[in-house]
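This briefing goes through one protein chain, topic by topic. Please keep the sequence and the model open while reading.

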Amino acid sequence: MSLAFEPTTVGRYTLRNRMVMAPMTRNRAYGPGRGPTPLMATYYAQRAGAGLIIAESAQPSRIGQAHPNTPGLHSGEQVEAWRAVTHGVHEQNGLIFAQLMHAGRVGHPSLHEDNLIPVGPSPVKAAGTTFTPDGPQEFVTPRALDAAGIRATIEDYAAAARNAIAAGFDGVEVHAGYGFLPHQFLSTNANRRDDEWGGTVQGRIRFTVEVATAIADAIDADRLGVRISPVSGYQDIVEDNHRDTYLALLDALGPIGLAYLHIAEGIDTEFTDHLRERWNGTFILNPYTPGGYTGPEALKLIETGATDLVSYAALFLANPDLPLRLQSGGPFNTPDFSLAYGGDHRGYTDYPTLSQATPDDDGQTG
């Protein structure tokens with residue numbers, strides 16, 4: 001049997017295989033208090049054959065919201081709604097982590113009834129636009145977090161992690177990539193600070209390290225993963241001397257004892273080998289696939305030892321029973337990226353329960 005289909009240990013858990021469902025923003029949190037809906041519970045239960053599901057990103061605080069209709073993990077109402085999701089996955093003998101993602105400077109006032117101004121490491125506006133309830137709008141200049149605000153934000157992460165465990169999640173992943181708040185602190189254009197939270201490599205990595213430390217203290221390190229995306233360039237992030245930054249970050253995260261490190265590979269694919277060599281723990285790789293998506297051929301990365309596990313996004317969206325299809329060599333539904341932000345699985349009716357799903361308000365399934 002291929003190594004990809006053999007069990008493996010990640011943190012405190014034994015996974016049935018080495019295929020991970022990557023987190024994908026779905027914009028389907030229409031429930032009360034921006035919580036998940038019953039349809040989301042069906043969606044994740046259908047994909048419980050993954051060795052590990054990493055759920056769509058959830059904001060750890062109100063100000064952390066990045067997009068319309070994304071779920072949170074900062075209220076009792078949201079915790080209660082997430083329980084249906086985790087219960088559905090566990091009924092199928094699956095494992096599911098919550099991803100905690102704070103928008104930082106790429107949030108938008110229009111996402112909040114009281115027009116909250118986004119926060120960031122420095123008052124530096126990101127170039128470009130973001131999707132809002134009123135359509136695409138330019139990013140705004142964020143309010144720079146002071147030292148007390150940084151500490152409060154770190155505690156927001158820890159509190160959200162505790163909420164995730166209370167909601168039945170098996171662990172959490174910190175999103176430290178794709179231009180969101182921890183990535184903003186890591187960058188050299190969004191972080192213009194000259195205090196202990198910026199200015200040097202050690203200053204720029206500090207926020208991510210302290211968020212991870214606080215969450216590990218709250219729920220134990222073997223329930224915690226961190227996702228990074230070196231030189232991805234998303235959302236106007238610039239990272240001068242990125243190799244120095246990320247090697248220092250891995251050195252600082254290592255002693256915490258994380259369950260895993262999750263790499264969303266960027267254009268510097270050669271650097272991935274250095275990260276793999278530097279990291280002593282479990283390594284999850286989402287390979288760099290410009291203009292496409294991770295396909296069946298990525299499983300060879302497990303066989304060669306380039307990674308311990310492979311995370312699939314679009315292919316898991318289109319093929320809820322993906323591990324079975326990978327094991328049998330297909331057939332595979334082709335993801336249709338034209339359907340919705342984050343993709344959709346409308347029309348993939350060859351999987352038994354998909355055709356029974358109830359459309360969302362916008363007429364799309366999922």
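Strands S10 and S11 pair in the parallel sense over 4 bridges, where pairing requires that DSSP finds at least two bridges between two strands. The model is predicted: local features need pLDDT of at least 70, side-chain atom pairs count only at pLDDT 80 or more, and totals for chains, interfaces and linings use all residues. Residues are numbered from 1 along each chain as its sequence is written, and side-chain values use heavy atoms, with hydrogens and water left out.

**The chain as a whole**

- The secondary structure comes to 10 helices and 14 strands, counted as DSSP runs numbered from the N terminus (helices: H or I, at least four residues; strands: E, at least two).
- The radius of gyration is 19 Å, close to the 21 Å that the globule rule gives for 366 residues, so the chain is as compact as a globular protein of that length; the radius is taken over C-alpha atoms, and the rule is 2.2 Å times the number of residues to the power 0.38.
- The C-alpha trace spans about 55 × 45 × 35 Å along its principal axes.
- Of the 366 residues in the chain, 59% are buried.
- Among contacts (heavy atoms within 4.5 Å) with a separation of 6 or more, 68% are between residues 24 or more positions apart.

**Surface and charge**

- The chain exposes about 13800 Å², and carbon and sulfur atoms supply 50% of that area; accessible areas come from the Shrake-Rupley method with a 1.4 Å probe, and for residues only the protein chains shown count as cover.
- The chain has 26 positive and 41 negative charges, and their mean positions are 1 Å apart.
- Lys and Arg count as positive and Asp and Glu as negative, while His and the chain ends are not counted; the place of a charge is NZ of Lys, CZ of Arg, CG of Asp or CD of Glu.

**Backbone geometry**

- Most residues other than glycine have a negative phi, and most peptide bonds are trans.
- Aspartate 220 has a positive phi, near 90°, and lies in the loop between helix H5 (201-219) and strand S11 (224-228).
- Aspartate 220 counts as partly exposed because its relative accessibility is 41%.
- Glutamine 235 has a positive phi, near 55°, and sits in the loop between S11 and helix H6 (242-253).
- Glutamine 235 also counts as partly exposed, at 21% relative accessibility.
- The peptide bond from glycine 330 to proline 331 is cis, with omega near 0°; proline 331 is in the segment after helix H10 (322-328).

**Histidine 87**

- Histidine 87 belongs to helix H2 (residues 76-91) and is partly exposed, with a relative accessible area of 48%.
- Histidine 87 and phenylalanine 5 are 82 residues apart in sequence, and their C-alpha atoms are 24 Å apart in space.

Conventions. Buried means under 20% relative accessible area, exposed over 50%, partly exposed in between (1.4 Å probe, protein chains only).
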